[in-house]
Amino acid sequence: MEFLKALEQRILTLDGAMGTELIAKGAKGALELCNVDNPVVVEALHEAYLEAGADIITTNTTCADALCLEQYGLKARSYELARAGAEIARRVADKYSTAERRRYVAGSVGPTSRNMTLANDIKREDVEAAYADVVRGLLDGGVDVILIETVTDSLNATIAIEQVRRQNAEIPIILSAVLARMEGRVASGATIAKFLEQIPLDEVSVVGFNCTNGVKPLESALKVLAATTKKPIIAYPSVGQPPMPMTRYVKDMEQLCRAAMLNIAGGCCGTTPAHIAGIAKAAARWRGRKFEK
């Protein structure tokens, strides 16, 4: 596939934060509603990240599932908002794509508001239906890859992967988990190796981590991940609390690229187009991690 071939050639740059940037621009409540009520602001943010050098832009759909939207009275609009978010990103990515350099759209699928391993107030079929609607909207909107992100529960991730494959057998899937404060473990408490055993990893094209408290906590986790899987690796951390200075953030991200630990590098909460411009320049200087097809 074209997307995976691109990973063989260089480190791709993912965009930065969507939510914190929209909030900074005045958005409130269900941010996914911007996809239909204020698409201009979403489109402008996508453009800003592409201008900064992003190869991949992420749809504004992380909380577009019915379970997250329920608190806003928008449960029935999950498919609509997911598709609208995908169509905005597709339109902008196509505008910036050239024959020499294609820009990709990653359809964001978040963790929902339920942790299936712990939740006792919801049935598995309800979570399946929630993921199915988001995935259907993203696929109908024309995304290139599905990004199952901010994963805190392996069962949720497994259900999301299953729903993607029920609707599309070929589209690449990126899976990105959140790390725990305890070194070497994901948010659920499982070791990184155990977490990978708990998901259908064969269906995943790229695996890695996002969010976390800055860049440094990723280093040891990425080494463990690299020793556990031969798949391409992604990392897009937040700026941390308190926020890291941008120059330090970019320098730390470049160290990961320089060490050939990554195939996709980007930013999460608190990052801006300026952060991504720095990462894009840094990533261009180094070769990506070698992986098996």
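These questions and answers walk through a predicted model, from its sheet to its salt bridges.

Reader: In what order do the eight strands of the open sheet stand?
Author: The sheet is open, and its pairing is parallel. Strands of a sheet pair through backbone hydrogen bonds. Read across the sheet, the order is 1-8-7-6-5-4-3-2.

Reader: In strand 7, what is the bridge partner of F209?
Author: Strand 6 covers residues 206-211 and runs parallel to strand 7. Five bridges join the two. The partner of F209 in strand 7 is A235.

Reader: At about what angle does helix 7 run to strand 3?
Author: Helix 7 spans residues 124-141. It lies across strand 3 (104-109) and strand 4 (145-151). Its angle to strand 3 is about 165 degrees.

Reader: How many residues are in the largest nonpolar core?
Author: Among the residues with the most contacts inside this core are I146, I148 and L222. F209 and L262 belong to that group too. Apart from this core lies another, of 17 residues, including A106, V206, Y236 and F291. The largest core has 79 residues.

Reader: How far apart are the end C-alpha atoms of helix 11?
Author: Helix 11 has 13 residues, 246-258. At 1.5 Å a residue, the helix should span 18 Å. The model agrees, because the end C-alpha atoms are apart by 18 Å.

Reader: What covers the buried residues of helix 11?
Author: The buried residues include Y249, V250, M253 and L256. D252, E254 and C257 are buried as well. The cover includes strand 8 (264-265), strand 7, helix 10 and helix 12 (273-283).

Reader: Which residue just after helix 11 takes a positive phi?
Author: Helix 11 ends at residue 258. The positive phi comes just after the helix, at about 55 degrees. The residue is A260.

Reader: How many residues apart in sequence are the parts that R90 and D144 tie together?
Author: R90 and D144 form a salt bridge, with the closest N and O atoms 2.8 Å apart. Both residues are buried. R90 lies in helix 6 and D144 in the loop between helix 7 and strand 4, so the pair ties together parts separated in sequence by 54 residues.

Reader: Which residues are linked with R90 and D144 in a network of salt bridges?
Author: Side chains of opposite charge can pair when their charged atoms come close. By the salt-bridge rule, the count comes to 19. The network that holds R90 and D144 also links E2, D94 and R102.

Reader: Is E80 buried or partly exposed?
Author: E80 meets R77 in a salt bridge (2.8 Å, N to O). R77 has 27% relative accessibility and counts as partly exposed. Buried means under 20%. E80 has a relative accessible area of 34%, so E80 is partly exposed.

Conventions:
Residues are numbered from 1 along each chain as its sequence is written. This is a predicted model: local features need pLDDT of at least 70, side-chain atom pairs count only at pLDDT 80 or more; totals for chains, interfaces and linings use all residues. Side-chain values use heavy atoms; hydrogens and water are left out. A nonpolar core is a set of buried Ala, Val, Leu, Ile, Met, Phe, Trp, Tyr and Cys residues joined through side-chain atoms within 4.5 Å. Buried means under 20% relative accessible area, exposed over 50%, partly exposed in between (1.4 Å probe, protein chains only). Helices (H or I, at least four residues) and strands (E, at least two) are DSSP runs, numbered from the N terminus. The expected span of a helix is 1.5 Å times one less than its number of residues. Contact means heavy atoms within 4.5 Å. Two strands pair if DSSP finds at least two bridges between them. Axes are lines fitted to C-alpha atoms, for helices over the stretch in contact, and angles run from 0 to 180 degrees between N-to-C directions. A salt bridge is a side-chain nitrogen of Lys or Arg within 4 Å of a carboxyl oxygen of Asp or Glu.
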